[in-house]
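Please keep the model open while reading.

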Amino acid sequence: MKVNQTVVGEFILVGFSVYPHVQMFLFLVFLGLYLLTLTGNLAIMGLTWVDRSLHIPMYLFLGALSFSETCYTLTIIPKMLADLLTGNRGISVTGCGLQMCFFLGLGGTNCIVLTLMGYDRFLAICNPLRYPLLMTNVGCGQLVASAWAGGFLISLIETALIFRGSFCSPNLVRHFFCHMRAVVRLSCLDSDLTGSVVTVISVSGLMGTFLLIIITYVFILSTVFRIPSAEGKQKAFSTCASHLTVVLVHFGFAAIVYLKPEASGGDDTLMAVPYTVITPFLSPLIFSLRNKDMKNALRKVLGKRRFLKKQFWINATLVTVP
């Protein structure tokens, strides 16, 4: 128990204030990446909604991932941008708890949805005849709901452990958002024990989902290598390439943040940027650029829009001509 400390009701997010000369540059860079991330995710959600050919589990999972990533970025990036622009870095203890809960919950949801996408590819390639029975749209929706429930269950446990007591001064959170490691150091209780417990929970969830994905790809690869034709192998690989790329990016950057030893050096603020800003930006980019169905759906939507616009101007011309 910490003694002779003032109990605080507000935190100050130190964030990028340690780099005062590049505040505006960072604001512009992060704002640009954030707008592109929103555009990419909204485009994927819109295409999976309007194009009936994409109403299959593979793309329903992709739409669910885009939605959760959109919510995930909303929990931290707007606040970070406001702090960079205004310099007002205060956040209440309640607001910090809510931000942490949603950040961890949505991060866990993303991991589980990526695992479900791997399971979907496993069934499609290893059990193609039973796939329509095993993976229906209704079942897909139930799995996505389970992913949200699982992600937020773990998040609530971790947040409750961290915020079960009060916090002592100094109230400086050495991060640009309420990261659990940075906040738990300010606890008036035994912060080392709490930090170890929540870290074990997070790492277990992260490594557990990653290992499940690796296991599914072991079975997928063993099945693909038994396909006699080169064309069949290429088609099977093409359906997994985008997902596997996103998995490596997502879990690779997450491992840098969560598997870094507590006592090691380095700036935690800068180390979290790839996981919180760059990964959500790359995910829709990879899925849209490497997926023929998504590109074809985009062409159809744009072609239909141009056709409707052309018809509108033709009709308008006919109306105005006496």
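1. How much space lies in the second largest pocket? About 270 Å³ of space lies there, in a predicted model where local features need pLDDT of at least 70, side-chain atom pairs count only at pLDDT 80 or more, and totals for chains, interfaces and linings use all residues. Residues are numbered from 1 along each chain as its sequence is written, and side-chain values use heavy atoms, with hydrogens and water left out.

2. Of the 18 residues that line this second largest pocket, L104, G107, G108, S202 and L206 are the closest to its centre. A pocket here is an open set of points on a 1 Å grid over the protein atoms alone, with protein on both sides within 12 Å along at least five of seven lines, whereas a cavity is a set of points where a 1.4 Å probe fits but cannot get out; lining residues have an atom within 4 Å of a point. Grid points are joined across faces, edges and corners, and a volume is the space filled by probe spheres set on the points.

3. The helices α3, α5 (137–162) and α7 (191–224) each supply at least two residues of the lining of the second largest pocket, and α3 gives the most, with 6 residues. By class, this lining has 9 nonpolar, 8 polar and 1 charged residues, where Ala, Val, Leu, Ile, Met, Phe, Trp, Tyr, Cys and Pro count as nonpolar, Asp, Glu, Lys and Arg as charged, and the others, Gly among them, as polar.

4. The largest pocket has a volume of about 530 Å³. Its lining takes two or more residues from each of α2 (57–86), α3 (93–126), α8 (230–258) and α10 (292–320), and α8 gives the most, with 7 residues. The lining consists of 20 residues, of which M58, Y59, S238, T239 and N291 lie nearest the centre, and it divides into 8 nonpolar, 6 polar and 6 charged residues.

5. As for the fold as a whole, the protein has 10 helices and 3 strands, taken as DSSP runs numbered from the N terminus (helices are H or I, at least four residues; strands are E, at least two). Of its 322 residues, 45% count as buried, a word that means under 20% relative accessible area, with exposed meaning over 50% and partly exposed in between (1.4 Å probe, protein chains only).

6. The count of cavities of 30 Å³ or more comes to 3, and about 80 Å³ of space lies in the largest cavity. Among the residues that line the largest cavity are H175, H179, R181, V257 and D268, and α9 provides the largest share of that lining, 3 residues.

7. Leaving aside neighbours within four places in sequence, H179 is in contact (heavy atoms within 4.5 Å) with M100, V257 and Y258. The side chain of H179 also reaches the backbone nitrogen of R181 at 3.2 Å.

8. At the other end of the accessibility scale, W49 is exposed, with a relative accessible area of 70%, and its place is in helix α1 (residues 23–50). The C-alpha atoms of W49 and L60, which are 11 residues apart along the chain, are separated by 8.8 Å.

Definitions and conventions. Polar contact = N/O pair within 3.5 Å; in protein donor to acceptor, adjacent residues only side chain to side chain.
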